[in-house]
Number of protein chains: 2
Amino acid sequence: MAGYWKIATYNVNSIRARMPVLLAWLEREQPAVVALQETKVRDENFPHDEIKAAGYYAIFKGQKSYNGVAILAKSSPENVRFGLDEWGQPDEARLVAATIDGINIVNTYIPQGRQAATDYFYYKLGWIGQMREYFNRYYQADQPVIWVGDFNVAPDRRDVYAPDKLLGSVGFHPDEHAALDMVRQWGFVDIFRHHVPEEGHYTFWDYRVPNGFKRKMGWRIDHIWATAAIAGHSVRAWVDTDMRQGPKPSDHAPLLAEFNWS
Amino acid sequence: MAGYWKIATYNVNSIRARMPVLLAWLEREQPAVVALQETKVRDENFPHDEIKAAGYYAIFKGQKSYNGVAILAKSSPENVRFGLDEWGQPDEARLVAATIDGINIVNTYIPQGRQAATDYFYYKLGWIGQMREYFNRYYQADQPVIWVGDFNVAPDRRDVYAPDKLLGSVGFHPDEHAALDMVRQWGFVDIFRHHVPEEGHYTFWDYRVPNGFKRKMGWRIDHIWATAAIAGHSVRAWVDTDMRQGPKPSDHAPLLAEFNWS
DNA sequence: GCATGAGGAG
DNA sequence: CTCCTCATGC
């Protein structure tokens, strides 16, 4: 519906490889805010001009090969912040925050974790845990805050294609669920789940699973979470799988939500 | 003109990367014979089906990454031969010969030579020298023979954008000229030169020269040479630079010649 | 600059 | 399967 304030999160898996798809989708969808993850590009190579020509401000922090986050917005972002803590982490290219249209946006690309019971996995759990401190440090739970991004965690059985088989694997592990739940309890509502209780809505399909998208072998690991102050204004949420039909899709699909917010 | 027998030579710089451009051009130009160089593909990955669907027989010999030659033809190729000598050279993916419509076609991708006074350069000179023996071994100079391909040599001052500056560099070196002239004297006419005496007609523009094509900084290193038996039937010859305007052009443009030959 | 492959990652 | 970097060739 025109007039609603719309936010999207989209793991592009390389913004440079995804530019034709991304620009066509921005043109069509016109969200007020787009949170991008895995831009995989150094800041000096970020396609700022093309984004600007599409009508968006862009704030971004990247590195070569891995990670990289950005926020695109029709209004100018304020209070821009990068990284999980104040003293610039090893991977500050995983979090970008800004205030846009009076709403506090936090966009994260949470570490993938590789394998349960590895250092990578414990690093991921610790990273998630620090998000609660992050929200405590910068916001209050009665403010309008939207936490979006690739969380690399599917919260419950409805969010993976084979919950019994996958339980305990990275992305659908009890420890991840516990860690994420601690952050949720700071004051978030899973906006997609709020509107869509049914199972089988995914945002990610592993390239290595043959025909994973067609066979509906996906994961819901990208999320839009909001505090009560704004969750009450949410109108709908959905996964945009259109671009998965076209050429050169990302392994993720965009997740969108609309709010009746001036 | 419809009815003329048309041959083309085209260094595709990877046939797989060039398929969209190549197919559109075949559809438009419909040559009887097309000699391709630098296909850069192993035989098992040669796009045989698409070529066949375009109405062409294909004979090819490739290797991974480098070299690779092919002949596409509307009529079935006979007496097919690969490599410079009978006992399968290290780089047999540089020469393919066949008889098509009664005309003996030899398609070569002559070594580039890298730097004057290196082993690579002397290898190139030796390779060119062996071409005279090759023609002696398989043909007689009064037969219809067409030698086409990327010779990696610009024969005279009209064939490079800066003859004074470039004289002595690889591709425009007196030793290359002498070697090539020995083969010419076996019995060949440079068909393009026969029709177009003017300078400044090129078939190759180094990708590394910024805007080389626009600035006309090219080389005429692709050739169609024919014995008198068939040179006398040649009607015209030209470089097709159309595809250089479109997306993803090769660093070479196709060279074409027409003959009034049944 | 534009191709190729190898090796690493997810 | 689809990205990345790096090395290599022209």
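This is a selection-by-selection tour of a predicted model with protein chains A and B and DNA strands C and D.

Residues are numbered from 1 along each chain as its sequence is written, and chains are lettered from A and ligands numbered from 1 in the order in which they are written. Because the model is predicted, local features need pLDDT of at least 70 and side-chain atom pairs count only at pLDDT 80 or more, while totals for chains, interfaces and linings use all residues; side-chain values use heavy atoms, with hydrogens and water left out.

**Stop 1: the sheet of chain B**

Select β5, β6, β7, β8, β10 and β9 of chain B, which in that order make an open six-stranded sheet with mixed pairing. Strands here are DSSP E runs of at least two residues and helices are H or I runs of at least four, numbered from the N terminus; two strands pair if DSSP finds at least two bridges between them. β5 (78-82) and β9 (188-190) of chain B are the edge strands, each with a single partner, so one side of each has no neighbour in the sheet. On average, neighbouring strands of this sheet are turned by 20° against each other, direction ignored. (Axes are lines fitted to C-alpha atoms, for helices over the stretch in contact, and angles run from 0 to 180 degrees between N-to-C directions.)

Zoom in on β9(B) and β10 (residues 222-227) of chain B, which pair in the antiparallel sense over three bridges. Here B:F188 stands opposite B:T227 in β10(B).

**Stop 2: DNA strand C**

Show DNA strand C and the 14 residues around it; A:R114, B:S14, B:R18, B:K64 and B:Y207 come nearest. A residue is near a strand if one of its heavy atoms lies within 4 Å of it. Sugar and phosphate make up 66% of the atoms of DNA strand C that come within 4 Å of the protein. Coloured by class, this surface has four nonpolar, three polar and seven charged residues. (Ala, Val, Leu, Ile, Met, Phe, Trp, Tyr, Cys and Pro count as nonpolar, Asp, Glu, Lys and Arg as charged, and the others, Gly among them, as polar.)

- A polar side-chain atom of A:R208 is 3.1 Å from a base nitrogen of DNA strand C.
- For B:R16, a polar side-chain atom lies 3.5 Å from a phosphate oxygen of DNA strand C.
- B:Y207 places a backbone N or O atom 2.8 Å from a sugar or linking oxygen of DNA strand C.

**Stop 3**

Select B:S14, in the loop between β1 (5-11) and α1 (15-29) of chain B. Is B:S14 buried or exposed? At 14% relative accessibility, B:S14 counts as buried. (Buried means under 20% relative accessible area, exposed over 50%, partly exposed in between, with a 1.4 Å probe and protein chains only.) Leaving aside neighbours within four places in sequence, B:S14 contacts B:E38, B:T39 and B:K40, where contact means heavy atoms within 4.5 Å.

Next take B:K64, in the loop between β3 (57-61) and β4 (69-73) of chain B. B:K64 counts as exposed, at 54% relative accessibility.

**Stop 4: DNA strand D**

Move to DNA strand D, which 14 residues surround; the closest are A:S14, A:R18, A:K64, A:S65 and A:Y207. Sugar or phosphate supplies 79% of the atoms of DNA strand D within 4 Å of the protein, and bases the rest. An N or O atom in the side chain of A:K64 is 2.9 Å from a phosphate oxygen of DNA strand D. Finish at B:R208, where a polar side-chain atom lies 3.3 Å from a base nitrogen of DNA strand D.

Note on methods. Polar contact = N/O pair within 3.5 Å; in protein donor to acceptor, adjacent residues only side chain to side chain.
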